[in-house]
Amino acid sequence: QVQLVESGGGLVQAGGSLRLSCAASGRTFRRYAMGWFRQAPGKERELVAAISGSGVTTYYADSVKGRFTISRDNAKNTVYLQMNSLKPEDTAVYYCAADRTTDPLVVARPIFEYDYWGQGTQVTVSS
């Protein structure tokens, strides 16, 4: 069983930046593909960014491409989401998730492939 704990959310003005962190338990973190999802009020949970276990491969939703950067530090069992040029439409609860079975060079895209989830952290962007 893997425990994931997000941090770094908060309130920021449009155009500002936040850095989210997700700390994972376990000794096999480097094997897991990781993803950041978000869910806004009244909307479905959506994949924002994903990274392969090795860190070589990344994916970004079109809505955040060029503004957000996902990264990981396997030595620290941590995945990050750097969010720049934030917009009010980025307001959501952000969740990190882990796929324990993904190839180290491949990201996980479908939500059902993710096995473990953090509790979420609120990001609010004011206009």
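This is a predicted model: local features need pLDDT of at least 70, side-chain atom pairs count only at pLDDT 80 or more; totals for chains, interfaces and linings use all residues.
Me: In what order do the strands of the open sheet run?

Reply: Strands are DSSP runs of E, at least two residues, numbered from the N terminus, and two of them pair if DSSP finds at least two bridges between them. Here 4 strands make an open sheet with antiparallel pairing, in the order β1-β3-β8-β7. β1 (4-7) and β7 are the edge strands, each pairing on one side only. Between β7 and β8 there are 6 bridges, and S71 has Y80 in β8 as its bridge partner.

Me: Which residues have the most contacts inside the largest nonpolar core?

Reply: In soluble globular proteins, nonpolar side chains tend to be buried together. A nonpolar core is a set of buried Ala, Val, Leu, Ile, Met, Phe, Trp, Tyr and Cys residues joined through side-chain atoms within 4.5 Å. Buried means under 20% relative accessible area, exposed over 50%, and partly exposed in between, using a 1.4 Å probe and protein chains only. The largest core here has 31 residues, and L4, M34, W36, L81, M83 and Y94 have the most contacts inside it. A second, separate core has 8 residues, including L47 and V107.

Me: How do F37 and Y114 pair up?

Reply: Rings of Phe, Tyr and Trp (its six-membered ring) pair if their centres lie within 6.5 Å; planes under 30 degrees apart are stacked, over 60 edge-to-face, and the rest tilted. F37 and Y114 are edge-to-face, 5.0 Å centre to centre with 90 degrees between the planes. F37 sits in strand β4 and Y114 in the loop between β9 and β10 (116-117), so this pair ties together parts 77 residues apart in sequence. F37 also forms a tilted pair with W117, at 4.8 Å and 50 degrees.

Me: Is F37 buried or exposed?

Reply: F37 is buried, because its relative accessible area is 2%. W117, at 30%, counts as partly exposed.

Me: Where is N74 found?

Reply: N74 is in the loop between β7 (68-73) and β8 (78-83). At 17% relative accessible area, N74 is buried.

Key:
Residues are numbered from 1 along each chain as its sequence is written. Side-chain values use heavy atoms; hydrogens and water are left out.
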